[in-house]
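Please keep the picture open while you read.

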Amino acid sequence: MPGTGVESKILDTYKASLALSLLSFDRVDGKYFWDANPTVYDGYWLRDAAFDMDGMLDAGFPDIVRGVDVAMLDYQHDDGQFNSQSGQLDATGQALWAFGNYYAATHDAAFARQVWPAVQRAMAWEWKFRDGGLMPEAAMDHDNEGVRGHLLTYDLWNIAGEQGAAAIARAVGDDATAGEWTQRRTKYVDLLREKVKPAVDQLGFLPTTLEGAQATGVRTGWYGAVYGIDWGNLEAVWPTGALDPQDPWVTASMKAWEQKTFEGIFGYPEGGLENMLHSYTTTSIAITDVRRGDQWAALRYLYGLLLHTSSTHMAAEAVRAVERWGRHNPQTDTMPHGEFAGKYLTMLHDMLAYEGQDDSLHLANVWSPQWARPGQRIAFAGDTDFGHLEYSIEVGDAGATMRLDPPTRTAPKSIVISIPQNDTVTSVTVNGRSVRTFHANRITLPALTDPADIRIGWRQQEAAPAYSFARAVSDYQANYRKMTGAPQVEIADTAVGHPSVRAGYPLQVTAEVVNTGGAGYLDDPRVRLYVDGTPVRTDDWSLAKGIGFTTPKQVISFQRHDEGVVPVGLGTTVCSPGRHTVGIGLGDQPPAKTVAVTVLPMVPTQSAPAATLSLDATAAFLDGDGPATATATITNRGCAPLSDVDITLAAPDGWSAQRTSPATGPVAPGESATVRWHVAPDGHPADTQPTLTATAEYGWRTDRWAGHTTGSADATATMVVCTGAPPQVEPGTRAQWDFGRGCAADVSGSGHDGHAGSGVTFSDTGAVFDGTADGAVTVPYDDRYQPESIGAGQTWTLRLTGVVPGKVGGAYQAVANARSLSSSYSTGWTVYLNPDGTFTFRMSQVDHPGSTYAIAQSGVHAEAGQRYDIAARWDGTRLSVTVSGAGSGTGSATPNGGYLPVGNGPMDLGKGTTGTADSYFFTGSIEAATITVE
C-alpha cells in the first residue's frame, strides 16, 4: 500500500501485529504453547488463539498455525467439548472453525486425519448438548457481552464450527458425514433466524441474545442494566458465515452499530460507565463492510482502529476515554493485545484479497482516496485458500494497470476486482483482449490460470470523501480537546405538566440539562427542584455518572447522554393555594429560569392524601423464649391530616400476630405513625419463611371539614425463621449470621438480616450456594457493619467460618462482597476465591494509578471439598487476610490514599457485582459469618 507520510501507519501496524503474533507462542520439544500476551493476559483463550491463527494463516505462517491448532486438542474434554474458559459455550465452534481454516489454506491431509477423531467427538457433543435446538440459556458474565440469556455468539460460533467440521470430513474422504453436517448447519441457521426474529423485529438489528432488550446485563451499557454489549453478534458474517453480507438484517445492524461508535471504535463499560474505548470489536464490522463492498465504511473503521494504537503501532484491549492509556497504567496493562493483532492481520489481508462463500476470489477490495491518486502503487503477495497469489496495481490518470499472478493450486470460480467506490468501470482488457463483465465499480473475470496484464479504465461518479489517516488524526485531536475541556452546562426548557394543580396533587417539573462543553463530571452533580426559591427535592443520580457534550456524532457520554442533553424531572406536592414559581437548579445554584403554576384549594371530593406504608420484621427462633416483632410505619405524604387510621397485619397459616400498640391517632402531613405486633409460630409451622402483609386504611380532614374519600396502602415483609434459640453474642459484634441454624438472620440482634435467594439451601453445616445469581445471601447496606464504621485505634474484622469450596478454578468466585460501582469508579471490598485457587481480600483504594484495588494475598491454594476459615481485616491503614484450616497463610496490603468505602451497596455472601448486576458466583458452603469492630 502507499506508505508515504503518516499513511505508512497502516503497514507499520501490520508489521507490529505480525511481530506480536510471532512472539505469542513458545515451542518446547516440538509442542506449541500459545499465549494471549505476556502481561495481564498471560494465559490461554481458545477464542483469541483462533483469531490470531486466522491472521497468521493470512500472513503466510502455516507451520506455526498447524502447531498451535494441534495444541487446541489439549482443551477438549472427555465428553468432546472444547473449553478454555469455564461456562462458555463457544470454544468448540472456534476450535472446529480453526481446523477448517487451516485445512482450507493448506490442504494438509495429515492434519485432517490427526484431528478427525476430535472433530467427531466435538460434533457429537454439540449435537447432544443442544438436542437439535439452539444452545441453552447461559451467561457471559465477566467477559465480552456481559449478559445473561440465549447468547447469539454461542450459536453463531457452533454454526461456524459445523462448517469447519464438514471441511475436515471431506478432507478424510467421509463425504456422507460432510453432507450430513452441512445439512445440519443449514437447518441450524434457519432455526437461529426463526428464534432471533422477534428480537430483531423489536430492536431493528441483531441483538446480543435472543431475549434482546429483555436480557439481563451485568454491566451498565447502551441500554442500562439490560441487553449487554454488542460483541459476538457482530460476527454473524465474519468469521462465522451464518448470514450473507447483503442480508437485510445485516444492513440494518451495520447502521445501528456504527451509531454506537466513538472515534471509529466501540466504547466499553467499566465501572458502570461507557468510559472505555475498546480496540478490536469493530474489526468484525470492518471485515463485514469489506464483504459488503462498502469501502468507505471499512476505511472509517480502519482509521478509527489506527487512531487508538500506540507509537509502536499496537493496541491495548481498551483505553480510558480521557487518559488515553490502558485500564490501569502503561506498565501493567493489556497492551499489546493478541486478538487485536490477529484480527488486524486478517482485516488488512481481506481488504486486498479474500475468498467468497461461493468460491470466488475478491481482489483490491478497499481503496483509500490516498491510494487512488495517479502514480500510486498497490501490491499484494500472499496466501489464499486457492494458493499463492500476487498482484500489483499502478494508478494512472483515468484508470489503472494490474499485473496478476493468479493462484494455481485450486482455481476459483471467478475473480472479482474492485476499483474505488466513487468511480465506475468504463473499460477492461485482459492480456489485450476486451472484456465486458463489469458493473459499477466491480469487474468479474473467469478463473485465470496464467499471469495476466489487466488494464482498467474508470470514470469518477462523485467526489471521494476526505478520508486519510492524517485527516483522522486531525479530527481525533479536535475531538479530544473538546472532550477534555470543562463542561459548560445550563438548564433549558423548564416546564410543568399543567399550569394549575390542586393542592395535595403531584406537581411534575421537567427540564433539560444541556452541556456544550467537554465531557466529564460536575463538581456538584445535584439537580434540585425549587418552589418559590426554596429547594424541596434533590436528584443526585442523573448526573452523578457524568455528562457528554454536543457533537455531530454520538460520543462516549458516560451514560449515552446523546448530543450532550440529559432530560431531568422532579415531582413534589404544594399544599399552599395561590400562585407559585418552580424551577430546576444545579448544585447550590438556584434556577436561572422559573415557570409559574397556580395551586388550587383542596376540596372534600378530591383524592385522599397519599401515604406510604413500610413493614419490617425481626427474625423468629422456633425454640426461642420470645416472639418476633413486626413493625409497620405509615407516613403522610399529603397536605391534610390522616384520620381514622386502621393498620392490620395478616400472617399465613401456622403463624399468629398480636398487636401490641394502641390505636393510631391522626397523622399530620409529613409525619409518621408506627404500629407493632408480636408474631409467633403455632408449633412448628410448614411455612418457614412466612410473608406478612400489612394494610392501612384511612380517612382525612382539614380544620374545617372532613374529606369524602378514603385512602389505603399496603406493604409486605418476609420473616427469617431460624432453628434453635438465639446464640450468645461476643462483645464488639456488629453482625453475626449463623447459617447452621437454617436461616440468614443476623443473630446478634442488630437487625442486619439477610435475604437468601432460591439458590441457597441450609443444613446443619451452614448455607450451601449453588453458583448462580440466585445463590446468595444479601444484606441491606448499613454503615454500622461496614469497614468505614471504625474509629481511631479500632479494627474491622469479617470472619468467614467453615468455607468449603464446591469447585476451584475457571473464574473468580466472590465468597463475600460489598461493592458499588458509583460514579466512574468501583468502591468497596471483596473476599475472592481466585481462578488460580487462592483466597484474596480486596479493598478499593482512593488513588489508583496501577490498580482499582489494594489486594491482600493469603497464599493459600484452596481445594474443592476442603474446609477453610477466613479473617479479613481493616485497621484504617492496612488490610489483611488470614486463612486457616486445610491450608494456612496470611497477607496484607496498604491502599493508596486510603480505603474508598462502598457507599450504599449491599453486602452479598455467595456472589459479587459487575456494573449494576451480579457476577462472580460462589459454589460451595459457608457455616457462619461474623463482623466485629474492636
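## Cavities and helix packing

About 50 Å³ of space lies in the second largest cavity. A cavity here is a set of points, on a 1 Å grid over the protein atoms alone, where a 1.4 Å probe fits but cannot get out, and lining residues have an atom within 4 Å of a point. A volume is the space filled by probe spheres set on the points.

This is a predicted model, in which local features need pLDDT of at least 70 and side-chain atom pairs count only at pLDDT 80 or more, while totals for chains, interfaces and linings use all residues. Residues are numbered from 1 along each chain as its sequence is written, and side-chain values use heavy atoms, with hydrogens and water left out.

The lining of the second largest cavity includes Trp 45, Arg 47, Asn 83 and Asp 90. Helices H2 (46–59) and H4 (91–106) are the elements that give two or more residues to this lining; helices are DSSP runs (H or I, at least four residues) numbered from the N terminus. By class, this lining has three nonpolar, five polar and two charged residues. Ala, Val, Leu, Ile, Met, Phe, Trp, Tyr, Cys and Pro count as nonpolar, Asp, Glu, Lys and Arg as charged, and the others as polar.

In total, the structure holds five cavities of 30 Å³ or more. The largest cavity has about 70 Å³ of space, and among its lining residues are Leu 152, Arg 193 and Trp 249. Helix H7 gives the most to that lining, with four residues. Ten of the lining residues are nonpolar, none is polar and one is charged.

Now to the helices. Two packed helices are described by the angle between their axes and the distance between the axes. Axes are lines fitted to C-alpha atoms over the stretch in contact (heavy atoms within 4.5 Å), and angles run from 0 to 180 degrees between N-to-C directions.

| Helix pair | Angle | Axis distance |
|---|---|---|
| H9 (282–292) and H11 (338–352) | about 15 degrees | 10 Å apart |
| H9 and H10 (295–307) | roughly 150 degrees | within 8 Å |

H9 is therefore roughly antiparallel to H10 (over 145 degrees). H9 and H11 are roughly parallel (under 35 degrees). The contact of H9 with H11 includes Ile 287 of H9 and Met 347 of H11, and by class it has five nonpolar, three polar and three charged residues.

Note on methods. On a 1 Å grid over the protein atoms alone, a cavity is a set of points where a 1.4 Å probe fits but cannot get out, and a pocket is an open set with protein on both sides within 12 Å along at least five of seven lines; lining residues have an atom within 4 Å of a point. Angles under 35 degrees count as roughly parallel, over 145 as roughly antiparallel, 65 to 115 as roughly perpendicular and the rest as oblique.
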